[in-house]
Amino acid sequence: MITINVKKGTDDVVNYIKISGHAEYADEGFDIVCASVSCISITTVNALISIDEGCLVYSEADGLLEIGIMKHNEVIDKLINNMLLMLENLSHDYKEYIKFK
């Protein structure tokens, strides 16, 4: 199962996201759930880096992506919230494979 942890500051702004695990929806290379989560999250990270390289720090490994949001502005926060909305929508369709904490 893929687990998504989101931490917000006192101002209700997202400061940290951790996406971990494997969906195990299908065999490796055919897992559309895992591929969707990866595509959504990595596309967002790449977009944020192209806007402002210092707006986040991230690390990735097999089955793990951690994102620390270091700067906030309207565009950065909208992209982060859009990513989370897409992941939430995906989790509604694949409840057995994606969980928000």
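Which residues do ring pairs link into a cluster? The points below take up that cluster, then the helices and the core.

1. The cluster consists of Tyr25, Tyr94 and Tyr97, linked by ring pairs. This is a predicted model. The structure holds two aromatic pairs.

2. Take Tyr25 and Tyr94. Their ring centres lie 5.4 Å apart, with 85° between the planes. The pair is edge-to-face, because planes over 60 degrees apart count as such. Tyr25 sits in the loop between strand S2 (14–20) and H1, and Tyr94 in the loop between H2 and strand S5 (98–100). The two are 69 residues apart in sequence, so their pairing ties together separate parts of the chain.

3. How exposed are these two rings' residues? Tyr25 is partly exposed, at a relative accessible area of 36%. Tyr94 is partly exposed too, with a value of 22%.

4. Now Tyr25 and Tyr97. Here the centres are 5.2 Å apart and the planes stand at 80°, so this pair is also edge-to-face. Tyr97 belongs to the loop between H2 and S5, while Tyr25 is in the loop between S2 and H1. This pair therefore ties together parts that are 72 residues apart in sequence.

5. Next, the helices. Helix H1 covers residues 32–51 and helix H2 residues 74–93. Their axes come within 10 Å and cross at roughly 180°. H1 is therefore roughly antiparallel to H2, since angles over 145 degrees count that way.

6. Which residues make this helix contact? From H1 come Val33, Ser36, Val37, Ile40, Ser41, Thr44, Ala47, Leu48 and Ile51. From H2 come Val75, Ile76, Leu79, Ile80, Met83, Met86, Leu87 and Leu90. By type, the contact residues of H1 and H2 divide into 14 nonpolar and three polar, with no charged ones.

7. The largest nonpolar core has 23 residues. Ile17, Ile19 and Ile67 have the most contacts inside it. Strand S1 (2–8), S2, H1, strand S4 (64–69) and H2 each give two or more residues to this core. H2 gives the most, with six residues.

8. Ile17 deserves a look of its own. Leaving aside residues up to four places away in sequence, Ile17 touches Ile4, Asn5, Leu65, Glu66, Ile67, Ile69, Ile80, Met83 and Leu84. Among them is Ile67, which is itself one of the core residues with the most contacts. Ile80 and Met83 are touched by Ile17 and also take part in the contact of H2 with H1.

Notes
Residues numbered from 1 in each chain as written. Predicted model: local features only at pLDDT ≥ 70, side-chain atom pairs only at ≥ 80, totals over all residues. Heavy atoms only, no water. Axes fitted to C-alpha atoms, helices over the stretch in contact; angles between N-to-C directions. Helix = DSSP H or I, 4+ residues; strand = E, 2+ residues; numbered from the N terminus. Parallel < 35°, antiparallel > 145°, perpendicular 65-115°, else oblique. Contact = heavy atoms within 4.5 Å. Nonpolar A, V, L, I, M, F, W, Y, C, P; charged D, E, K, R; others polar. Phe/Tyr/Trp six-rings, centres within 6.5 Å; stacked < 30°, edge-to-face > 60°. Buried < 20%, exposed > 50% of the residue type's maximum accessible area, 1.4 Å probe, protein only. Core = buried A, V, L, I, M, F, W, Y, C linked by side-chain atoms within 4.5 Å.
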